[in-house]
Amino acid sequence: MAGLTAAAVAAVCFLAYQASANAPADVSAKPRTSGSASTSPSGGPEQPPRNPLALPGASGKGERVVYSLADRRVWLVDGKNKATRTFVVMPSTVHPAPGAYSVTSRSGSVRGSDGVQIEHVVRFATAEDVAIGFSAAVDGSMPSPDLSKKTGGIRMKRADGDALWTFAVIGAKVVVVA
């Protein structure tokens, strides 16, 4: 027992020595930078990291659904421009162009073009002769789409599909951002 205690004390002493040997003389000193402002690897001013949950800029005003193609995320935004819910989605193989749309049709439960039973389908655009809309698979799955097929279903979890279904009635605004 004494041997284990001695080994533990020796290990703690060694780690304490390593920490003190690598610590700066004045821990309150700020690290030096090459210029007055920090720069990014590209040479421009360094930007603070973007909050991936934050509502994208230039996504409109008022009550709307915002769909970010790059972030694979949807926001439900109230009339005061506050996001009341955000969630990830699995995009389809055919994408809508960035811009403003309106919900044109809804279906409670249908079979998707990929053969999966889906619910709460909210359609808002057409691209490449494919209807594009949000939906949730009844089995809760969100698999990557088959890239060999042209599909327009933007899938989400069932709870998110329920929320979107309630929020996005016929005529509701949908804004797609890159």
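How does the lining of the largest pocket divide by class: how many residues are nonpolar, how many polar and how many charged? There are seven nonpolar, seven polar and three charged residues. Keep in mind that you're looking at a predicted model.

**The largest pocket**
- The space inside the largest pocket comes to about 200 Å³.
- It's lined by 17 residues, and I118, R123, A131, G152 and G153 are the ones closest to its centre.
- Strand 7 gives the most, with six residues.

**The second largest pocket**
- Next comes the second largest pocket, at about 170 Å³.
- Its lining has 14 residues, and D114, S144, P145, D146 and R155 sit closest to the centre.
- Sorted by class, that lining holds five nonpolar, five polar and four charged residues.

**A look at T151**
- You'll find T151 in the loop that runs between strand 7 and strand 8.
- T151 has a relative accessible area of 10%, so it counts as buried, the cut-off being under 20%.
- Beyond its neighbours within four places in sequence, T151 is in contact with S92, T93, V94, S113, V130 and P145.
- One of those contacts, P145, is also among the residues closest to the centre of the second largest pocket.

Definitions and conventions: Residues are numbered from 1 along each chain as its sequence is written. This is a predicted model: local features need pLDDT of at least 70, side-chain atom pairs count only at pLDDT 80 or more; totals for chains, interfaces and linings use all residues. Side-chain values use heavy atoms; hydrogens and water are left out. On a 1 Å grid over the protein atoms alone, a cavity is a set of points where a 1.4 Å probe fits but cannot get out, and a pocket is an open set with protein on both sides within 12 Å along at least five of seven lines; lining residues have an atom within 4 Å of a point. Grid points are joined across faces, edges and corners, and a volume is the space filled by probe spheres set on the points. Helices (H or I, at least four residues) and strands (E, at least two) are DSSP runs, numbered from the N terminus. Ala, Val, Leu, Ile, Met, Phe, Trp, Tyr, Cys and Pro count as nonpolar, Asp, Glu, Lys and Arg as charged, and the others, Gly among them, as polar. Buried means under 20% relative accessible area, exposed over 50%, partly exposed in between (1.4 Å probe, protein chains only). Contact means heavy atoms within 4.5 Å.
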